[in-house]
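Here is a protein with a ligand, to be worked through in questions and answers. Look at the sequence and the 3D view before reading on.

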Amino acid sequence: MAERLYNVVGGERMRSETDRWLPVTAPATGEIIAEVPMSTGSELSRVVAAAADAARGWGATPLKDRVQVMFRLKHLAEARLDHLAAVISRENGKTPEESRASVLRAVECMEYAASLPQLAPGDVLEVSRGVECKTRRFPLGVVAGITPFNFPLMVPLWMIPIAVSLGNAFILKPSEQTPMSALELAQLLDEAGLPRGVFSVVHGDGEIVEALCDAPGIQAIGFVGSTRVARLVHRRGTAAGKRVRALGGAKNHLIVVPDADPEMTAANVVASVSGCAGQRCMAASVLLAVGDVGLIVDRIVEKMAQLRAGRDLGAIISERAYARIIGYLDRAAHGGAVLRLDGRALVAADAPAGGCYLGPCVIDNASPEHEASSEEIFGPTLTIIRCQTLEDALRIENAIPYGNAAAVYTSSGRVAEVFCERAHAGMIGVNVGVPVPREPFPFGGWNASAFGEGDITGRSAVDFWSRTKKITTKWSAERQSNWMS
Ligand code: NAD
């Protein structure tokens, strides 16, 4: 019988009282590796109460002491890199290299948080003789993070290091499809010396997410997932008086112009489409081929055809997700488009039989109105739209509702400048197909890819997970007074 996963409440492993358990399936093999509880509302109330208890002492601990946990966490994560990567690969289906890279990226977020005493010490100024204004940063109390399946360790760690270092108690609701990395994280934080109850894990699906949005004791929610759910969580959480920062889905457009370096462009576009089997919000999804770039496009397709799922690409998360992606391939030949590369034929001969494997796919000659040009497919698929001018390409990119990332391939500074100015996305690449901003630069998209103010990492995350007091003091013995004192 598969292992039954536990919640983490007040620093203790708690068996859920629910009678609703879902299987956790290893995408690479199809094997059921665990059962995850759909926790109840009363369990959530107990988690929130325990977190509120822990938040009092933790919030009163000096920042310089709190961030020591992040130094220790970084060392522990680095020392257990292979183990953590193995857990991620098992529950998510990523290749070992991809899982390792995601842990190392998460380590950068710990490093950023460890630097918070240097980055966010607060301001002080003498505003008139003997009168001083200063800002002091305070925690919000109990906060929560709700995360998707595609980066089960890294996405929670976009939020936890900053939120916890700022003195909050953090409740994580991981994806029910990949709930195991969250428990590894609880173990690491415990070993790193985080006081018990400051970090909790509550498992569940949409029902517990709605309860988190409504829970009166939770002050703020960070969400990462699809646009449909991001919008819902943002609406429901803010209606309950919470701060909500919700990142949603994506449809990233890459523009290739004739002066692009052919070999570099081809390698880079292919890596962007196929990395994490296309299941990342920064993946290339649409290629806008401007003018005479036929040879570059041919090279991209040729390189994609050499890849094999189960060897170069990891697995698709579930049979349901696989069926959804295949639906787009089956409907590809619409309005003149052609299915130029069918990833169903690009699976390694030795890929495990029970796994969900799909090689790279190309839908060529699509119109901007084609469903594969405008909807998030979330698989290793590239839709190619041929356009005459950069202006046409920008018009198509600007018209999509999403705004996570966009990139241009060119050797012209002028083209790059126009693109950076006019693309409608929060994260822009110039000759970079996965333009993830690295610390200290913040991560976050625009439009239907993000709801609420600011970004999920970096400086605006520091503001999101804390509040300031503006303190005005006068200790001068002078009796002189002015309009303010
Ligand atoms: P998802 O929206 O289905 O799930 C995300 C979280 O929401 C999970 O914890 C899930 O339990 C919960 N959830 C699911 N349905 C719900 C509902 N009806 N009500 C309330 N909560 C619900 O996303 P996913 O499939 O796990 O992840 C893939 C999506 O995440 C893609 O759209 C991808 O683009 C997006 N994503 C975005 C970013 C970003 O930075 N913008 C990063 C990673 C993933």
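Helices and strands here are DSSP runs, numbered from the N terminus. The model is predicted.

Q: How many residues of the shell around the ligand are nonpolar, polar and charged?
A: The shell of 27 residues can be sorted by class. The classes hold 14 nonpolar, 9 polar and 4 charged residues.

Q: Which domains give at least three residues each to the shell around the ligand?
A: The domain assignment divides the protein into domain 1 and domain 2. Domain 1 is made of two stretches, 3–248 and 449–470, while domain 2 runs over 252–430. At least three shell residues come from each of domain 1 and domain 2.

Q: What area is buried between domain 1 and domain 2?
A: The C-alpha centres of the two domains are 31 Å apart. Their contact takes 17 residues from domain 1 and 22 residues from domain 2. Carbon and sulfur atoms give 57% of the buried area, which is about 1400 Å².

Q: Which residues of domain 1 lose the most area to domain 2?
A: Three residues of domain 1 together account for 33% of what that side buries. They are P27, F149 and S449.

Q: Where is the cis peptide bond that has an omega of about 10°?
A: Most peptide bonds are trans. P440, one partner in the cis bond, is found in the loop between β19 (427–430) and β20 (450–451). The bond joins E439 and P440.

Q: What is the phi of C276?
A: C276 lies in the loop between α11 (262–274) and β14 (284–290). Most residues other than glycine have a negative phi. C276 is not glycine, yet its phi is positive, near 55°.

Q: Which side chain makes a polar contact with the side chain of E35?
A: E35 lies in strand β5 (residues 32–37). Beyond its neighbours within four places in sequence, its contacts include M1, L5, W21 and P23. The polar contact, at 2.8 Å, is with the side chain of R4.

Note on methods. Residues are numbered from 1 along each chain as its sequence is written. This is a predicted model: local features need pLDDT of at least 70, side-chain atom pairs count only at pLDDT 80 or more; totals for chains, interfaces and linings use all residues. Side-chain values use heavy atoms; hydrogens and water are left out. A residue is near a molecule or strand if one of its heavy atoms lies within 4 Å of it. Ala, Val, Leu, Ile, Met, Phe, Trp, Tyr, Cys and Pro count as nonpolar, Asp, Glu, Lys and Arg as charged, and the others, Gly among them, as polar. Domain bounds come from an automatic or database domain assignment. Contact means heavy atoms within 4.5 Å. Buried area is the accessible area (1.4 Å probe) that two parts lose on being put together, summed over both. Helices (H or I, at least four residues) and strands (E, at least two) are DSSP runs, numbered from the N terminus. A polar contact is a pair of N or O atoms within 3.5 Å; within protein, one must be able to donate a hydrogen and the other to accept it, and residues adjacent in sequence count only if both atoms are side-chain atoms.
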